[in-house]
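Please find below a short note on the model under review.

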Amino acid sequence: MTTVRRGIPTSLPAEIDDTARKLRRTLQGKENFTGIKVENQRVEDFLAKTDGSKLTSASGLNTAVVETAAIQLAGASAYLSAFQDTSQTLSTTEQNCQGVTFTTTGENLEVFFSFYLNVWHPAGGSIDTTLRLYRQGTLIWDFVVEATGGDFAFGWQSVVVTDAPAAGSYLYQLTTQVSVATFSTATASSRFLSVTERKR
């Protein structure tokens with residue numbers, strides 16, 4: 001029987017008292033802790049279900065202990081790039097500046113490109129440079145670099161474009177095209193393009 005003095009039990013039910021005694025002896029280093037129960041289950045039985053070998057088996061864990069089907073360890077991000085340091089003369093005909101063929105599992109992609117643009121057009125009128133990014137022939141991004149005062153445009157062109165195609169292999173191509181042929185200089189150098197797949 002449990003007796004109470006000033007609202008505090010002076011003795012405990014046998015099962016709780018036995019667990020408390022074992023816990024006290026365990027903390028004192030006098031008893032192996034596996035003798036204690038966790039949720040009415042002996043600790044050594046619980047640990048037997050969580051050892052390294054049984055974690056690899058769907059039947060090694062009790063229902064609702066760990067839902068193994070929900071555990072997914074994604075691999076590292078995939079990455080591929082291409083670089084050409086040579087200078088390319090631009091043209092009024094659209095031409096390839098850089099390209100990479102990338103195989104994706106269907107996750108989100110980051111397509112990054114960078115190159116140095118140098119355009120000088122001393123004649124009257126203006127000159128523009130159109131940049132286009134294609135995925136397997138499909139235009140996914142474009143931008144027009146307008147020459148300052150219609151005469152010159154120079155500097156690094158660096159852009160990140162996100163894409164989310166279905167799983168498969170795709171050729172990503174960056175192209176350039178100038179609006180007029182009456183330029184003194186129109187080049188793209190240090191041409192870099194990379195594709196990165198971000199794993200969840």
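**Note on the predicted model**

1. S194 is buried, its relative accessible area being 4% (buried means under 20% relative accessible area, exposed over 50%, partly exposed in between, with a 1.4 Å probe and protein chains only). The residue belongs to strand β13, residues 185-197 (strands are DSSP runs of E, at least two residues, numbered from the N terminus). Beyond neighbours within four places in sequence, S194 is in contact with Y79, L80, S81, E110, V111 and F112; contact means heavy atoms within 4.5 Å.

2. This is a predicted model, in which local features need pLDDT of at least 70 and side-chain atom pairs count only at pLDDT 80 or more, while totals for chains, interfaces and linings use all residues. Residues are numbered from 1 along each chain as its sequence is written, and side-chain values use heavy atoms, with hydrogens and water left out.

3. The largest nonpolar core comprises 27 residues, and F115, L174, L193 and V195 have the most contacts inside it. Such a core is a set of buried Ala, Val, Leu, Ile, Met, Phe, Trp, Tyr and Cys residues joined through side-chain atoms within 4.5 Å. Elements giving two or more residues to this core include β7 (95-104), β12 (168-178) and β13; β8 gives the most, with 6 residues.

4. T89 lies in strand β6, residues 88-89. Apart from neighbours within four places in sequence, T89 is in contact with Q95, A186 and T187. The C-alpha atoms of T89 and V119 are separated by 9.8 Å, the two residues being 30 apart along the chain.

Definitions and conventions
Helix = DSSP H or I, 4+ residues; strand = E, 2+ residues; numbered from the N terminus.
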